[in-house]
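Have the viewer open as you read.

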Amino acid sequence: MSITLQSFGAAGEVTGSKHLVEVDGVRVLVDCGAFQGRRAAADAKNRELLEGIPADSIEAVVLTHAHYDHCGLLPLLVKRGFSGNIFATSATRDLANLVMMDSAHIQARDAEYLAKQAARKNEKFDWKPLYDDFDVIQAMNQFITINYHRSISVTKGVDIEFLDAGHILGSALVRMTLSDSKGHRIVVGFTGDLGRNGKPIIRDPEFLTDIDYLVLESTYGDRLHEETEDAVERLAGAVRRTAEAGGKLIIPAFAVERTQELVFYLHLLGDAKRIPILPIWVDSPMATDATAIFRIHPECYDKETNDAFTKHSENPFGFASLRFSRTVDESKALNSAREPMIIISADGMCEAGRIQHHLAHNIGNKANTVLIVGYMAEGTLGRKLSEGQKEVRILGDFYHVEAKIEEIDAFSAHADYGETIAWLGHTDLQRLKKIFLVHGEASALESLKEKTLAAGARESLIVQKGESYKLA
Ligand SMILES: [Zn+2]
């Protein structure tokens with residue numbers, strides 16, 4: 001009889017979050033995320049799921065937030081026999097539905113495309129999607145939504161409470177209380193992804209004050225962000241310059257959170273007359289759907305958002321100059337438009353989606369600006385632009401980069417190490433026995449290990465994938 005912790009993803013890397021807690025043999029999974037990265041390698045890792053552990057032996061899942069690398073394999077878990085409850089905030093449930101459905105559709109499209117390619121080359125083809133939309137619907141049937149600060153028993157010996165994580169809409173820190181048959185009672189904190197103070201729309205992260213163990217994310221364990229205030233002014237500057245030059249401002253952004261933040265800032269800047277009124281196009285069907293979900297979850301907004309908008313029955317994500325394009329024709333029409341405008345489109349790393357067409361049409365014109373506001377993984381078109389490459393390949397053709405490329409890194413949704421250590425300062429370090437570091441590249445993990453120890457943590461260790469750690 002014992003309490004253990006084991007990770008099957010986000011151990012020594014960033015994506016694929018899956019942390020298994022076991023109390024007297026009862027299994028609860030915290031997050032069931034997909035691995036991302038190079039296609040074939042990620043696909044193989046995703047199929048391993050929980051390695052040898054059968055999906056139907058999991059009693060319940062606790063979901064911290066709706067990013068794909070935290071919720072993306074729930075439908076696969078369900079397909080493989082998991083029939084228990086999935087606990088999440090209601091905003092997380094709604095966004096997760098969108099994210100998982102999107103993945104099912106992309107996988108179905110990929111399967112079709114790859115099958116055609118193989119047939120053309122006379123090759124054997126047996127790749128199957130991890131799951132389809134029916135698996136997503138089945139997973140949705142297993143959700144139990146619970147608000148912040150409402151504790152609930154998820155199974156025998158396991159109680160949870162969600163606290164604000166300040167990362168994306170609906171995101172939660174988890175305070176998990178575990179009791180075994182020997183009378184041990186311990187509290188484990190999970191950060192999921194730890195957000196930041198002062199992010200727009202959502203509230204600041206709360207603190208996990210009284211816990212015995214902490215599973216801590218480390219994405220920016222070796223980096224500091226620039227100030228958000230300067231970033232908003234730089235955003236305003238880019239809009240003003242675009243208006244003066246008569247060009248287009250193209251902003252690649254992921255559909256969930258970053259797009260809504262940009263719309264929110266542009267709304268505030270417009271109201272304050274700090275930018276001229278230009279048409280703002282959100283050109284991504286998924287971003288349009290995600291924005292609708294943001295709109296119906298005012299319970300997740302911070303005071304500033306409620307004061308600025310909700311009180312006056314105004315919608316922070318809808319204003320006169322904002323337009324959503326859904327159809328491909330609407331999207332194409334933007335290419336021939338001559339007036340200055342702002343186009344926000346996905347995907348955020350410029351590797352797929354409508355953003356590629358906008359870049360192809362606009363990158364050769366000096367009057368235009370491409371504004372990079374998110375993390376660009378190595379090898380992606382977004383990274384090449386951010387590195388200042390002058391010749392880039394888009395949709396099979398080469399283009400000379402004439403547009404101005406600007407980058408703002410302050411919109412990150414993850415705490416940097418300074419913010420993480422300041423946040424940890426609110427935890428009772430006398431009581432905290434150990435920190436388990438997850439969700440980071442090797443250098444970030446090493447750096448955060450040192451920094452947490454220097455800040456007074458008694459023990460801090462880098463979690464190894466598959467290894468079982470005894471908590472009691
Ligand atoms: Zn996240």
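## The second largest pocket

The second largest pocket has a volume of about 220 Å³. Its lining holds 14 residues, and those closest to the centre are Gly 198, Lys 199, Pro 200, Asp 302 and Glu 304. By class, this lining splits into 7 nonpolar, 2 polar and 5 charged residues. Helices α7 (258-271) and α9 each supply at least two lining residues, and at least three come from each of domain 1 (3-223 + 413-470) and domain 2 (228-407).

On a 1 Å grid over the protein atoms alone, a pocket is an open set of points with protein on both sides within 12 Å along at least five of seven lines, a cavity is a set where a 1.4 Å probe fits but cannot get out, and lining residues have an atom within 4 Å of a point. Points are joined across faces, edges and corners, and a volume is the space filled by probe spheres set on them. Ala, Val, Leu, Ile, Met, Phe, Trp, Tyr, Cys and Pro count as nonpolar, Asp, Glu, Lys and Arg as charged, and the others, Gly among them, as polar. Domain bounds come from an automatic or database domain assignment.

## About the model

This is a predicted model, in which local features need pLDDT of at least 70 and side-chain atom pairs count only at pLDDT 80 or more, while totals for chains, interfaces and linings use all residues. Residues are numbered from 1 along each chain as its sequence is written, and side-chain values use heavy atoms, leaving out hydrogens and water.

## Enclosed cavities

The structure holds 2 cavities of 30 Å³ or more. The largest cavity, with a volume of about 80 Å³, is lined by 13 residues, of which His 19, Asp 31, Gly 192, Val 215 and Val 438 are closest to its centre. Its lining has 4 nonpolar, 7 polar and 2 charged residues.

Where does the second largest cavity lie? Domain 1 (3-223 + 413-470) and domain 2 (228-407) both give residues to its lining, so this cavity lies between them. It has about 50 Å³ of space, and its lining includes Gly 198, Lys 199 and Pro 200.

## The nonpolar core

The largest nonpolar core has 111 residues, among which Met 176 and Leu 235 touch the most other members. Helix α4 (residues 90-120) gives the largest share, 8 residues, and both domain 1 (3-223 + 413-470) and domain 2 (228-407) contribute at least three. Such a core is a set of buried Ala, Val, Leu, Ile, Met, Phe, Trp, Tyr and Cys residues joined through side-chain atoms within 4.5 Å. Buried means under 20% relative accessible area, exposed over 50%, and partly exposed in between (1.4 Å probe, protein chains only).

## Salt bridges

There are 22 salt bridges in the structure, each a side-chain nitrogen of Lys or Arg within 4 Å of a carboxyl oxygen of Asp or Glu. Arg 354 pairs with Asp 283, their closest N and O atoms 2.6 Å apart. Arg 354 is in the loop between β15 (341-345) and α11 (355-362) and Asp 283 in strand β13 (residues 280-283), so the pair ties together parts 71 residues apart in sequence. Arg 354 is buried at 15% relative accessibility, and Asp 283 is buried at 0%.

Asp 307 and Lys 303 also form a salt bridge (2.7 Å, N to O). They are 4 residues apart in helix α9 (residues 303-308), about one helical turn. Helices (H or I, at least four residues) and strands (E, at least two) are DSSP runs, numbered from the N terminus.
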